[in-house]
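Trainee: Could you help me learn to read a protein structure, one feature at a time?

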Amino acid sequence: MKKYNIEDMAKKIELLKQTATELKRISGGIQAVDRNVDRILASIKMLELNISDLVGIV
Amino acid sequence: MKPDEQYWNPVLETLPREKIQQLQLKKFKNILKWAYENSPFYRSLYKEAGLEPGDIKTFDDVRKVPKTEKAMLREAQSIEPYPYGSILSVPLEQVTEYRQTSGTTGQPVYHPETWQDWEWSAESWAYALYAYGFRDYDRVFLPFGYSVNIAFWAGHYAAEKIGCEVVPGGVLDTEARILKMKELRATALMATPTYILGMADVARKKLGIDPAKDLYIEKITAAGEPGACIPATKKRMEEMWGAKVYDQVGATEIGHWGFECQAQAGLHVLENFHLVEIEDIETGASITEPGRRGSMVVTTFDRFAHPCIRFDSKDIIEWNPVEKCECGRTFRRLKGGVVGRADDITKVKGVLLAPTAIEEVVRSIPELGDEYEVTVIKRGDIDDITLKVETAPDYKRNVEAVEQKLVQQLRLKTGLRYNLEFHDYGTLPRYALKAKRFKDLRVKE
């Protein structure tokens, strides 16, 4: 299990999430931004399920 | 292939058992809290039981959480917000996909998907398809109706996610689908066992195409009904197509929850996304040991719009005696997959009968065709059971010998004596999706 750096990956995933959320916050309500960010956030959630949820377990 | 390349997620799929359970408990608490805080249905259910999310601390506590079942979902959907009712746990405007159950057992249950939940559906299928060997070089053909039922929709998006080239065979008829698979040299296929057998039949009889020799299919995902978990049916499918056939299980309310690996030695539960419990059908007692069949109670962890918590699915399952699988996955396995439904298991002449046992017998006799039909009626106080079978297309002689074999095997596998009817090949009903071959007419008489 050591060969996969779960904690570092989780940090990058969190950074992606923060960036996407911030982008939506400053979008000024442009739908072309907000709706695509929603999709990006859904994909980021899958990264969390696959990686971030394992922090503290492996 | 390097060892880790056989897994969609090598970390999760090979976690030690105690780590998997640690993850499951954390996720169970999370979805319970979410449902309590966001779904009027669940909040009311738990308040009535005097339960709060913080009460759940161990796996033993999980069994204190009230179960749900399809009738409760239907009832909850009779109120606002239409059409999902009080189970809906997100604002209605976040719902981006509509699905519904097939309605085989009554009024369909409506299922809302947000973008995130839909992404989850594809993700869960990706674990299975990757385990079967689907890769980015595969051309995957999907011969289903792309309609309101979930069917293989998530399989479509999971195959895309893996990087496969997906061919939607939606409105084409069976013959056109077969010809398109041949034309495009499709390498993988997803369908119900009934349709997998039916397509092979049409290919041979109507088009003169032998799927095992003239097509390029190497692997098949079989889902939607038992079949790939019934050895005789799986054997027929694999021989007809010259391909490996993998069993996959799921339901609209639950999502995809189990798959076979390439060892084909039972069904792995997708334990990072689900908690599967088995309960004794009559007493409701928990079954944790192998060797005893019971009804599945399942929780889906990470699907938030329409939570599924301790859902009594009525699927009959049994834990596998051997925990370690040669594929290296640590997800616990079921013996033989979903072997029936609690709704279908019925007493005939005082004997518990699972219709899948009849299928196992019929399809293990090469002189018989794939189709069959079972009817139970009451004559006075006595149950009367009739089995209609077809002789295989090229077999016409010596029906008596086949009958003898059938009677013997049925007695051995089901403990019952049947009225047998032999029909010409092609005369019993054919089904495109879920077949209804068992007809219990006793209540109606």
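Mentor: We start with a word we will need. A residue is called buried if 20 or more other C-beta atoms lie within 10 Å of its own, exposed if 12 or fewer, and partly exposed in between. Keep in mind that this is a predicted model.

Trainee: What happens just after H3(B)?
Mentor: There B:Gly50 takes a positive phi of about 70°. This glycine is in the loop between helix H3 (40-48) and helix H4 (59-62) of chain B. B:Gly50 counts as exposed because it has 8 C-beta neighbours inside 10 Å.

Trainee: How should I read a backbone angle like that?
Mentor: Most residues other than glycine have a negative phi, and most peptide bonds are trans. Now for the exceptions here. B:Tyr146 is not a glycine, yet has a positive phi of about 45°. B:Tyr146 is found in the loop between strand E3 (139-142) and helix H7 (153-162) of chain B, and with 14 C-beta neighbours inside 10 Å it counts as partly exposed. B:Arg310, also not a glycine, has a positive phi of about 50°. The place of B:Arg310 is the loop between strand E11 (294-300) and strand E12 (311-317) of chain B.

Trainee: And which peptide bonds are cis?
Mentor: The bond from B:Glu80 to B:Pro81 is cis, with omega near -5°. The bond from B:Tyr82 to B:Pro83 is cis too, with omega near 0°. B:Pro81 is in the loop between H5 and strand E1 (95-100) of chain B, and B:Pro83 is in the loop between H5 and E1 as well.

Trainee: Let's turn to the inside. How many residues does the largest nonpolar core have?
Mentor: That core has 118 residues, and B:Leu129, B:Val140 and B:Ile217 are among those with the most contacts inside it. Helix H6 (residues 115-132) of chain B gives the most to this core, with eleven residues. At least three residues come from each of domain 1 (1-341) and domain 2 (346-440) of chain B.

Trainee: Is H6(B) enclosed or open to the outside?
Mentor: H6(B) is largely enclosed by the rest of the structure, because 18 of its 18 residues are buried. From its first C-alpha to its last, H6(B) reaches 26 Å, close to the 26 Å expected at 1.5 Å a residue. Just after H6(B), B:Gly133 takes a positive phi of about 105°.

Trainee: You mentioned domains. How far apart are the C-alpha centres of domain 1 and domain 2 of chain B?
Mentor: Those centres lie 29 Å apart. The contact takes 17 residues from domain 1 of chain B and 14 residues from domain 2 of chain B. On the domain 1 side, helix H9 (193-207) and helix H11 (231-241) of chain B each supply at least two residues.

Trainee: Last one: how do I read the contact between the chains?
Mentor: Begin with who takes part, then look at the kinds of residue. Here 15 residues of chain A are in contact with twelve residues of chain B. Helix H2 (residues 31-50) of chain A gives the most to the side of chain A that touches chain B, with eight residues. By class, that side of chain A has nine nonpolar, two polar and four charged residues.

Technical notes. Residues are numbered from 1 along each chain as its sequence is written. Chains are lettered from A and ligands numbered from 1 in the order in which they are written. This is a predicted model: local features need pLDDT of at least 70, side-chain atom pairs count only at pLDDT 80 or more; totals for chains, interfaces and linings use all residues. Two residues are in contact if their C-beta atoms, placed from the backbone, lie within 7 Å. Helices (H or I, at least four residues) and strands (E, at least two) are DSSP runs, numbered from the N terminus. Ala, Val, Leu, Ile, Met, Phe, Trp, Tyr, Cys and Pro count as nonpolar, Asp, Glu, Lys and Arg as charged, and the others, Gly among them, as polar. A nonpolar core is a set of buried Ala, Val, Leu, Ile, Met, Phe, Trp, Tyr and Cys residues joined through C-beta atoms within 7 Å. Domain bounds come from an automatic or database domain assignment. The expected span of a helix is 1.5 Å times one less than its number of residues.
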